[in-house]
Each structure stands twice: as structure tokens, then as C-alpha cells.
Amino acid sequence: MPRRILCPWTNFPVSFNFKMTFSPSQNTTDPTSKNSQNGRYLLLVAIAIIFLIILMITMDVRKDKSRHKFNVIAGNGLWLHGKSSKFHYGIVLDCGSSGTRVFIYYWPDHNGNPEHLLNIQQMIDQDGQPVRMKVRPGISTYEDKPQNASNYIYPLLRHAANHIPKSKHSETPLYILATAGMRLLSKKKQDAIIKNLINGIPLHFDFLFSSTQIEVITGKQEGIYAWITINYVLGRFNHSDAHVHGNSSFAQLRKQTVGSLDMGGASTQITFEVPKSEKLPAHLTTEVNLGCDSHMTIHNYKLYVATFLGYGASTARSRYLDTILTKRNNSVHSHSRVYLDPCLPTDIRIKGTREGMKYRLRGMGNFESCRDKLLPLLNKSEACRSPPCSLNGVHQPQILFNTTEFYGFSEFWYSVNDVLRLKGVYNAQTFDKVSKEFCKTTWPVLYKRFQSRLYPFADEHRFMYQCFKSAWMTSVLHEGFKFPRSFKRLHPTFMIAGKEIQWTLGAILYRTRFLPLREMQVKSKVVSSSYQAWINIGDSGFKIIVFLCSLVVLLSMYVIFTKPRLISPLGRNSPSASGKVISKTPNYPTDFRISL
């Protein structure tokens, strides 16, 4: 309600009255006050925007630094592995029992954080396919002609040289790692082949190569590399968002790792992490440190690794064939040397020669009978000196099947996928059912399907022996390694997120693990100490900086809203500070009558 002040002046007629009316709703403010208030809001918004921008940039930089993300094909369609490539490269030759394969890997500069591993990727061609090549047979077949080993390897290295920029050849490490096929040779024959490669390769290629980068690796090493590969691809070595794993009071934040199963042509491996307190025989355990600094333990793991030479799919078939040929009751007619084989498809006929003796096999297609005949090959009758044991009397610690995941490679993938075409997690009941159907189907029907290209991932050899390989794989898994038939945490795997799962990736990751430390030592000579401190600040330091920045912003907001006069350009004594208009009337002696 308006308030009216009547001032009857005593020195003037009564009819002359000066009236002043004040209404709160009609108060006018000084324009400078409005500008001051608007300025406060604009300043607040500016501070908030600047803070958010800095925060986003900082987090984005750290994200990019911690894990480089890049595509094989650049956004403008340019091939990333051209002359101007900024990547580093590495080559691994997998000299297996049935053939030799070449794998090419590349990686960007390390981010400088000693807790992070190199970001190694397999090279992919311009069609999006992994760059690889295989030659047959295995290099071990050159045991009697080692002088030809370099010529045997040449096409693989030429393939690699054509994909890696020429300017990078001299700094590209080459690793030649032979597995079970070469292990079966005598030391003298191994050395002869290796010597030829050491002398012959530098004559044609200028890769970074020395005698320390070629070797016949043990089955234990192969199992470790396979375990490293699957856990690296699954991100189990990225510990930033992990939980406490381990029984020790000093346990670090780490993700739980997975176990690996690998069945090749000549050997089989099983590898999984065990607690630090687990007591194991020295030949079945190893400590693996993937960090570039051996004093850091965040990437230190204790593993159980067991390898079984002679228990691969091909060597197992050879041992099984010996048992057939030495038992006359398997022969239809002893003089005809025709032997019945329950591990071959029904009515298939196979001819062969064994130690100078010719033989013929006829398939019976009985999956259950096949598995029964394979049980003696597991050698479970061998004395178990340190129970519990798996194959051949070898100790195997208890596995927590309810919480541990396993990934199966090589034969564990080929048997499930290439012919039986089963997808997803391994299911023992489903696998047995499909295998029985395949085995009892007559060979003419199966072969007609094969010729119709219904099995594009299988060659004729695999198709012929799939019945045996299915039986052998399940026998090793359930009867040997004691995996329960109800186990639903086994993942047969060949590729994950477009990445091929091969032990060669784990090999190059492990063998180049000290490269980041060398890079950091070089950079420390040219990078200022303050910048280096920021690079290596770590997650804890980064969180402290974000907290302090947030605190500054909150204090600024508090000052702006609760103490506006502290930032007012007019100050406390400004006439407009009160927000009211003051009437300057003469100070005449009078009395006032105020009516409301």
C-alpha cells in the first residue's frame, strides 16, 4: 500500500502542500547497480566454464596418455603404416610343428607412466584383416637339411618387410621362436637350423636381429605367453578401476585374471594365477613381472604352468595309431591289415604306412568307444607324488571353478568352431551330442557336405580327423585337467574385439617390457623436471589437483553470492549502494504529519 507524507509548511499558505509518495514496487535503482549485479553473474558463469574446459582437457589428455587409441586406417583414408609412420614395429615368427607363421605388431610411444604397459596391436591390412602368412611344413622337417632353413623362412620375412615402412626396418626387432616340433629334435639338429638362420637372415634383411632373439622356447614359456595374451587383450592388466585381489594385507588394486588352455599339434598347456602363498614345485610355477621397472610389483603375478609334450592333437593321434596297429583284435582280417577305428567317421577308408608297414583303416564312428580307447593315453596310472594330479602324474593345485574363468585356444577353438560350428561358452553336453552325430554320419555324406563348402574354415585333413580330435580334447579337459562337465566358464577363443589371440602377442609384450623404461630415461634428459613430475604424477596426484581446483571454484562462488560488495566497483560509500533514491529537500523548520 502506498505511503504518503504530508508536509504543511508553516511559512506558506495552508493550501500549498508538498507531497512525496514512496512505493516499494516503484523503486528505481541506479543503472550502475544493475551492471554490478549482472557482472557478478557473468563472472560466475565465466569461472565455471573455464573450470569445466580445463577439467575436460586435462582428463582427456590423461585418457589419451594412458591408452593411445588409433585406427589402422586414418580418418582421411591414408594408410597409417606408410613412410611417415610414427609407430614402432616388431616381428614374431611362430615356428610350430605343422608350419611357421609370421605376425607383425606395432605400437605408439609409451605414455611415460611406469604403471602402464605398451599398447601393442597386431597389424591389420587395408581390408581390415590381420597381416599374417603361413608356410608348411614345420621348420623341424629341415633337420636333415638345415642349410635350407633360411630359404624356408625368406617368404615370411619378405612379407613382413613389404608391410613395415623401410625407414623402420633397422629398429624393428625380429623374434624367431620355435615350439614343440623343434623340441622333439636333438640339440645338435636344433643348433644347426638356428645357426643357418642367424647367418642367413642378415644377408637379405636389416631387421634388428641377433642370436639372443632366436630360440626353441619351452612349453612353460609358451603357456606363459598364451596367458599374457588373453589377459592383456581382456584388459585384466589395466588396474585403474580394479578391486582388491589377493589375500595379503598389502594386496594391490588389481583385476582378477583368467586361466588359459592351449592345445597345439604336439603339446598342451594349462596356465592360471595362484595366490602368492601357494606352495608349488619349482618346475610348475613362475613369477612374471610385466612392468618396465622390476622394482614395481603392480604387474607381478605368480602362475601355475604345466606343459605336456606329446599331448597335442597330432602327437596324440600318432600314439593312438600305435595302439591300434599293435592290437590284432582290431583287425578285420589279420592278413589284410585292415583295422577298425572308432575315432574315424563311419565307413571312411584311409591308407598309410607306419615304420615300413602298410595298413588300412576303416572308420566305425563311435564317439563313446573312441573316448574309452583314449583314456590310457592320458597316463593317469602314473604315480602321483604330490596330489592332486592331472595328466601323467603331474601335480595340479585346486582350481576355484565357481569363480575362475578359462579361455581355450588352438584345438579348443578349432574343434568347437571349424567343423561342429558351436558358438559361445563351452557346454559339455551340447558338444558331446554334436560330436556323436558327426562321428556316426557316413563319410560319403560328410564329404559331400565338405565339397559343398558348408565348412569354410576346415580343410580336408581336419574334416577327416575331427571325430578323434573332439574325443581327445574332451578327454584331456575332463579326465585329465579334472574340469567338471557342468563347468560353464570356458570360452573357446580365436579373436576378441577384432584382435587375434595368439601366444606371439604375449611373447612380444614380455620381451619388449623394458622399452618404456628406456624411453623414459631418454625423455628425462630433454624434458623439464616440472613437466616430468606432471607426466608421472599418477592417479592419486591427479585427484588432489582436481579437488583443489574444485575448492577454488566453490570459494569463488561463495564470495560472489555472499559478499557482493567486496567485488563491487562502487564500494560501500556509493550513493547507490543502498538501492534507494534520497530526496534532498531544504531543511526547513517544520513539523511533519505522516499519514499511511
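Biologist: Against which helices do the buried residues of helix 10 pack?

Modeller: This is a predicted model. In it, helix 9 (428-440) and helix 11 (460-480) receive the buried residues of helix 10. Those residues, within the helix spanning 443-451, are Trp443, Leu446 and Phe450. Viewed down the axis of helix 10, they fall within an arc of 65°, so they line one face of the helix. Pro444, Lys448 and Gln451 are exposed on the other side. Just after helix 10 comes Arg453, with a positive phi of about 60°.

Biologist: In what order do the 6 strands of the open sheet lie?

Modeller: The order is 13-14-12-11-18-19, and the pairing is mixed. Strand 13 (285-289) and strand 19 (490-492) stand at the edges with a single partner strand each, so one side of each has no neighbour in the sheet. From one strand to the next, the twist averages 25°.

Biologist: Which helix packs on the sheet?

Modeller: Helix 5 (residues 219-233) does, touching strand 11 (259-263), strand 12, strand 13, strand 14 and strand 18 (406-410). The direction of helix 5 makes about 55° with that of strand 12.

Biologist: In what sense do strand 12 and strand 14 pair?

Modeller: Strand 12 (residues 267-273) and strand 14 (residues 300-309) are antiparallel, paired over 7 bridges. Within this pairing, Phe272 stands opposite Tyr304 in strand 14.

Biologist: How many bridges join strand 17 to strand 15, and do the two run parallel or antiparallel?

Modeller: Strand 15 (residues 338-341) and strand 17 (residues 357-363) run parallel, joined by 4 bridges. Here Tyr339 has Leu361 in strand 17 as its bridge partner. Strand 17 also pairs with strand 16 (residues 349-354), in the antiparallel sense and over 6 bridges. In that pairing, Thr353 is the bridge partner of Lys358 in strand 17. Strand 16 and strand 17 form a hairpin with 2 residues between them, and Glu355 in the turn has a positive phi of about 50°.

Biologist: Is Thr404 buried or exposed?

Modeller: A residue is called buried when its relative accessible area is under 20%. The value for Thr404 is 13%, so Thr404 is buried. Its place is in the loop between helix 7 (367-374) and strand 18.

Biologist: Which residues does Thr404 touch, not counting those up to four places away in sequence?

Modeller: On that count, Thr404 touches Gln256, Ile399, Phe487 and Arg489.

Definitions and conventions
Residues are numbered from 1 along each chain as its sequence is written. This is a predicted model: local features need pLDDT of at least 70, side-chain atom pairs count only at pLDDT 80 or more; totals for chains, interfaces and linings use all residues. Side-chain values use heavy atoms; hydrogens and water are left out. Two strands pair if DSSP finds at least two bridges between them. Axes are lines fitted to C-alpha atoms, for helices over the stretch in contact, and angles run from 0 to 180 degrees between N-to-C directions. Contact means heavy atoms within 4.5 Å. Buried means under 20% relative accessible area, exposed over 50%, partly exposed in between (1.4 Å probe, protein chains only). The arc is that of the directions from the helix axis to the C-beta atoms.
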